[in-house]
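Dear colleague,

I am handing over the structure we spoke about, and below it I have written up what was found in it. Please read the notes with the coordinates open beside you.

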Amino acid sequence: MKELISGSDALIQSLILEGTDMVFGYPGGSIMPVYDRLFDYQDRLKHILVRHEQGATHAAQGYARVTGRTGVVIVTSGPAATNVITGLSDALMDSTPMVVVTGQVATPFLGFDAFQETDVVGITQPITKWSYQIRRAEDVAWAVARAFYIASTGRPGPVVLDITKDAQVGMTEFDYKPCNYIRSYNPRPDIKESDLLKAAELINRAERPMILSGHGVMISGAEAELAELAEKSDIPVATTLLGLSTIPSDHPLYKGMLGMHGNIGPNVNTNRADLIIAIGMRFDDRITGNVKTYARNAKVLHIDIDSSEFGKNIPVDATIHGDARDALLKLLPLIEPRKRTRWLGMFDKPQQIESEQVIERELHPAGPKMTMGEVAAKVSEATGHRAIVVTDVGQNQMLSARYSRYSEPRSIVTSGGLGTMGFGLPAAIGAKMGRPDRTVCFFTGDGGLQMTIQELGTIMEYGTAVKIILLNNNFLGNVRQWQALFFKGRFSQTPLVNPDFVAIAGAYGIPAENVETRDQLDGAIGRMLGHDGPYLINVNIDETDMVFPMTPAGGNVDFVMLNQTEIYPVD
């Protein structure tokens, strides 16, 4: 007979056998048996004590994004479990592998409104890949193995294990078996030869093809294959926000970011292309604008591991259902070498206009006040374009993403689908802990920072060397921009009365400084990057600075605002 161990031991040992080296969490009553046993595993499993359960989920997301591994969270029941809801939703939207363990009251108390009882499974089922309640110690190992398999395979996403207190203290024989098969769940479908042939025919016949590279390319590690396809057939590449860094910014075939605040060339040429090759992206509304006029002259080839995305938003002419890297490896031998000089030349005019009328104004503003874009560009330059860029949500997100440059894969961590303000600070902590060898630069606004500002305490405790660039315009800037453009400048509830952020950082033992004028910026960036530890610079930003180009929500993808009054002249 095998030795009996508690359900709590079974949980921790199962996590370790799945390769988990770090968990993010916060203890409480209904998860206390697990935390008690965790005390004896500190040399094998590092626990990061966050200051709020939402912070645990975003930290786990940041860790997962930069490592490609599954992020793990442990919290208690009731309000702790409901506090992870935002992170679960965010992880599902952005296909981030995460396993969240929530404590639960003992089985006899279920359904009787016991102290801190919440129907975790009922709440989380719509926003997870799988949500399961463990009521017996003997089910712990099986559930953990299944959770990691589901979270990390196919289209990755979050899983919840809700473990009752009696399951944590109950005794069981421990026999861990990794999960590699679930009936009716096919996470890595076989790619059909007929689909590959049809896709190759479309690419080889196209005169004006364009590749749209999404987060799925990063998830599958298909960056090299993406570049090979582009180079072999001379195809321009554009990326989604989450697809940034899937191709180096200085690659001659890279034409910029897609979407509402993307680069002009990829957006206007979407409606000039005769073939759209979408790889690991979902045609969300921020990319397509008006779906009725999107890519109106193009056939659409969609490569994705999630077949539910095919035709969901945009009609498709061909599909390859499978992992992006697998699909590209099989597709590449069928592609004929081509040169598309004339088509590539069609990106020159929009690139020139954007450079002169948008980028130049952002990077070299006429007035004395600083812009977010110029700060992001200087930080990127100072890091040799090798940093991991983590953003919060809003103007700071769009401008730091646009004006940072990327030379290595997995160099952008941001909240794309859900757009979660407060995501950035804990995500930056998780990213730095996951990749301590890389510089992590976190760009945030004054609004978003204050949503999870308590996680400065996590940085204080662990000395996490996150470089915080606070782009402070004393406004909820993105909402202010929409109010200025579409609501007659009525700035309802968007001005912010802010605290002394440098003093707050100092209270947490984090070196910080105010950057009031442009001539102070380079020195502050140098001190921040040269400091061996966390650092915050609070940069005084022009409150009227806006993110352009801009395609208004629901507008045609080739309707591009250059500023508040000028529109890009589509041929």
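**Salt bridges**

Asp94 and Arg65 form a salt bridge in which the closest N and O atoms are 3.1 Å apart. Please keep in mind throughout that this is a predicted model. Asp94 sits in the loop between helix 5 (85-93) and strand 5 (98-104), while Arg65 belongs to helix 3 (residues 53-67), so the pair ties together parts that are 29 residues apart in sequence. Asp94 counts as buried because its relative accessibility is 2%, and Arg65, at 4% relative accessibility, counts as buried too. In general, side chains of opposite charge can pair when their charged atoms come close.

In one of them the side chains of Asp285 and Arg286 meet at 3.4 Å, N to O; here Asp285 counts as exposed at 52% relative accessibility, and Arg286 counts as partly exposed at 40%. In the other, the side chains of Arg435 and Asp437 meet at 2.7 Å, N to O, with Asp437 exposed at a relative accessible area of 55% and Arg435 partly exposed at 25% relative accessibility.

Glu309 is found in the loop between strand 13 (299-304) and strand 14 (318-321), and with a relative accessibility of 5% Glu309 counts as buried.

**Domains and their interface**

The protein is divided into domain 1 (4-173), domain 2 (193-348) and domain 3 (366-540). For domain 2 and domain 3, the C-alpha centres lie 31 Å apart, and the contact takes 17 residues from domain 2 and 16 residues from domain 3. Together domain 2 and domain 3 bury about 1,500 Å² between them, with 63% of that area on carbon and sulfur atoms. How many salt bridges does the rule find across the interface of domain 2 and domain 3? The number is zero, whereas six residue pairs are found in polar contact across this interface, both residues of each pair being at pLDDT 80 or more.

**Nonpolar cores**

The largest nonpolar core has 77 residues, and those that touch the most other members are Ile211, Ile279, Leu301, Ile320, Leu331, Ile469 and Ile537. This core draws at least three residues from each of domain 2 (193-348) and domain 3 (366-540). To take one of its members, Ile537 is in contact with Ile468, Ile469, Leu470, Glu513, Val515, Ala524, Ile525 and Met528, when neighbours within four places in sequence are left aside. There is also a second, separate core of 44 residues, which includes Val73, Ala427, Ile429 and Ile459.

In helix 22 (residues 477-486) the buried residues are Gly477, Arg480, Gln481, Gln483 and Leu485, and helix 18 (395-403) is included in what covers them. Helix 22 is followed by Lys488, whose phi is positive, near 60°.

Is Gly422 buried or exposed? Gly422 is buried, with a relative accessible area of 0%, and its place is in the loop between strand 16 (412-413) and helix 19 (424-434). Not counting residues up to four places away in sequence, Gly422 touches His58, Asp392, Gly448, Met451 and Thr452. The C-alpha atoms of Gly422 and Val72 are separated by 19 Å, the two residues being 350 residues apart along the chain.

With best regards

Note on methods:
Residues numbered from 1 in each chain as written. Predicted model: local features only at pLDDT ≥ 70, side-chain atom pairs only at ≥ 80, totals over all residues. Heavy atoms only, no water. Salt bridge = Lys/Arg side-chain N within 4 Å of Asp/Glu carboxyl O. Helix = DSSP H or I, 4+ residues; strand = E, 2+ residues; numbered from the N terminus. Buried < 20%, exposed > 50% of the residue type's maximum accessible area, 1.4 Å probe, protein only. Core = buried A, V, L, I, M, F, W, Y, C linked by side-chain atoms within 4.5 Å. Domains from an automatic or database assignment. Contact = heavy atoms within 4.5 Å. Buried area = accessible area lost by both parts, 1.4 Å probe. Polar contact = N/O pair within 3.5 Å; in protein donor to acceptor, adjacent residues only side chain to side chain.
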